[in-house]
Amino acid sequence: MKERTAELLDRFFNTNRDLKIIKKDILHACEMILETYKKGGKLLICGNGGSSADADHIVGELMKGFLLKRPLDIELKIKLQEYFGEKGKEVSKKLQGGLPAISLNAHTALNTAFINDVDPMLNYAQQVVGYAKDEDILVGISTSGNAKNVCFAFMAAKAKDIKCIGITGENGGKLASMVDCCLMAPSNETFRIQEYHLAIYHFICAYVESEIFEE
């Protein structure tokens with residue numbers, strides 16, 4: 001672990017003392033995601049309502065610079081300049097390194113078509129079947145841990161042999177027994193669970209970013 005990552009970790013748990021009870025699980029999730037990215041994999045993320053917004057939020061933090069600037073790899077910079085001259089050089093200074101992540105709720109046409117034509121509970125599972133590769137991870141967010149379409153997505157993920165992370169409330173619900181790692185926020189009140197979720201996934205995004213990128 002890099003020194004700055006260790007400092008990030010200490011600062012996070014000193015600020016969020018309530019989450020120390022799941023520190024081991026949070027760090028497990030960080031390492032799972034880090035390993036996925038090192039293998040060239042991606043995250044598939046799903047949830048409903050506020051958790052759907054959280055899925056989009058996570059993608060936003062991973063696909064562009066979060067706490068770091070993430071300049072492009074030198075090889076990509078060189079290619080952009082070789083192919084497009086000064087314009088390519090200008091573009092290369094603005095583009096950032098991305099960590100691939102897909103929010104499964106974001107595909108309106110696909111989701112509404114599948115909901116209307118087939119089964120509204122299987123819209124996320126269908127995307128897992130289509131997107132998932134061996135090195136990927138499915139992240140499912142549910143404050144109750146019982147969201148049916150998220151549970152079905154985990155069923156599909158297990159059948160596709162990809163790892164799963166659940167982010168839930170304090171009892172974990174049905175999802176807890178379906179995942180490789182369950183982050184159970186220490187509350188049974190929906191709004192408080194969501195507040196914990198924000199802190200948890202912001203830390204995970206910062207941790208992974210710090211370990212992968214230099215600046």
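A: The axes of helix 6 (residues 123-131) and helix 7 come within 7 Å and cross at roughly 20 degrees. That makes helix 6 roughly parallel to helix 7 (angles under 35 degrees count as roughly parallel). This is a predicted model, where local features need pLDDT of at least 70, side-chain atom pairs count only at pLDDT 80 or more, and totals for chains, interfaces and linings use all residues. Residues are numbered from 1 along each chain as its sequence is written, and side-chain values use heavy atoms, with hydrogens and water left out.

Q: Which residues of helix 6 and helix 7 make the contact?
A: Helix 6 brings N123, Y124, A125, V128 and V129. Helix 7 brings N149, F152, A153, A156 and A157. Contact means heavy atoms within 4.5 Å.

Q: What counts as a helix or a strand here?
A: Both are DSSP runs, numbered from the N terminus: helices are H or I with at least four residues, strands are E with at least two. Axes are lines fitted to C-alpha atoms, for helices over the stretch in contact, and angles run from 0 to 180 degrees between N-to-C directions.

Q: OK, helix 3 and helix 8: at what angle do their axes cross?
A: Roughly 20 degrees, and the axes come within 10 Å. Helix 3 covers residues 50-62 and helix 8 covers residues 190-212. On the helix 3 side, the contact involves G50, D54, H57, I58, E61 and L62. On the helix 8 side it involves Q194, H197, L198, Y201, H202 and C205.

Q: New topic. Where is T143?
A: T143 sits in the loop between strand 3 (137-141) and helix 7 (148-159).

Q: Why does T143 count as buried?
A: Because its relative accessibility is 18%. Buried means under 20% relative accessible area, exposed over 50%, partly exposed in between (1.4 Å probe, protein chains only).

Q: What does T143 touch?
A: S51, T168, G169, T190, I193, Q194 and H197, not counting residues up to four places away in sequence.

Q: And A101, where is that found?
A: In strand 2 (residues 101-103). A101 counts as buried, at 9% relative accessibility. The C-alpha atoms of A101 and I45 are separated by 7.4 Å, though the two are 56 residues apart along the chain.

Q: Last one: where is the kink in helix 4 centred?
A: On F84, with a kink of about 150 degrees. The bend is the angle between axes fitted to the seven residues ending there and the seven starting there.

How values were computed
Angles under 35 degrees count as roughly parallel, over 145 as roughly antiparallel, 65 to 115 as roughly perpendicular and the rest as oblique.
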